[in-house]
Amino acid sequence: MSETASDQRVPVTATIRLGADFEHPISAVWNAFADTGQRVQWGVPEGEEMVCDIDDFRPGGAIHARCGSPGELEFISTGQYCSLEPERHIVTTETLTKDDEILSTAIITWTLTAIPTGTRVGLVDQVVSFVGEGMIDGHRNGHDICLRQLGEFLSS
């Protein structure tokens, strides 16, 4: 029996830590997460699209979204809200697939902290890539973009 390239891959793991400060109250930042309509506006890189088919924003609630190129939405994100503490934190799982291949699985924690100038958002993504280091870079770059776009969204 011959091995395929995917059989030879070893999972790659990383813990990505990012953050940003926003000159907006925690309530505004929280609402940008909690409201699906707001989140799909800032939650994917410019030029891409996200459609949330299921967004049961509560502890134990499911998430199912399609994202990627407009009209194609080639990536499927499925997960669960593990813990939500309004205006404090969101902990989710996320498994990303394309063409029925699992690309990555992650536990993502967002924290919101009041600071004198507004809100500090912290993000920790504990990710396992099944398709190499490029997926780890994709998580990091995607989160960087989302944090920047969240700031732009809140200021618009």
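A search of the whole structure, which is a predicted model, finds five aromatic pairs. In one of them, the ring centres of Trp-42 and Trp-110 lie 6.5 Å apart and the ring planes stand at 80°, so the pair counts as edge-to-face. Because Trp-42 belongs to helix α3 and Trp-110 to strand β6, this pair ties together parts of the chain that are 68 residues apart in sequence. Both partners are covered: Trp-42 is buried with a relative accessible area of 2%, and Trp-110 is buried with a value of 10%.

Another pair is formed by Phe-57 and Tyr-81, whose ring centres are 4.9 Å apart and whose planes also meet at 80°, so that this pair is edge-to-face as well. Here too distant parts of the chain are linked, since Phe-57 sits in the loop between β2 (49-55) and β3 (62-68), while Tyr-81 is in strand β4 (residues 75-85), 24 residues apart. Tyr-81 is buried at 3% relative accessibility, whereas Phe-57 is partly exposed, with a relative accessible area of 22%.

With a relative accessibility of 0%, Ser-104 counts as buried, and its side chain makes a polar contact of 3.0 Å with the side chain of His-139. Leaving aside residues up to four places away in sequence, Ser-104 touches several others, among them Glu-94, Leu-96, Val-128, Phe-130 and Met-135.

His-139 and Met-135 are in turn among the buried residues of helix α4, a list that also includes Cys-146, Leu-150 and Phe-153. The helix itself, made up of residues 133-155, has 23 residues and reaches 34 Å from its first C-alpha to its last, close to the 33 Å expected at 1.5 Å a residue. What covers its buried residues includes strands β1 (12-22), β5 (89-98), β6 and β7 (118-129), together with helices α2 (26-34) and α3 (36-42).

Turning to the chain as a whole, there are four helices and seven strands, which run α-β-α-α-β-β-β-β-β-β-α from the N terminus on. The radius of gyration is 16 Å, which agrees with the value near 15 Å that a compact globule of 156 residues would have, and the C-alpha trace spans about 60 × 30 × 30 Å along its principal axes. Buried residues make up 37% of the 156 residues. Of the contacts with a separation of 6 or more, 47% come from residues 24 or more positions apart.

Terms used. Residues numbered from 1 in each chain as written. Predicted model: local features only at pLDDT ≥ 70, side-chain atom pairs only at ≥ 80, totals over all residues. Heavy atoms only, no water. Buried < 20%, exposed > 50% of the residue type's maximum accessible area, 1.4 Å probe, protein only. Polar contact = N/O pair within 3.5 Å; in protein donor to acceptor, adjacent residues only side chain to side chain. Contact = heavy atoms within 4.5 Å. Helix = DSSP H or I, 4+ residues; strand = E, 2+ residues; numbered from the N terminus. Expected span 1.5 Å × (residues − 1). Rg over C-alpha atoms; globule rule 2.2 N^0.38 Å. Phe/Tyr/Trp six-rings, centres within 6.5 Å; stacked < 30°, edge-to-face > 60°.
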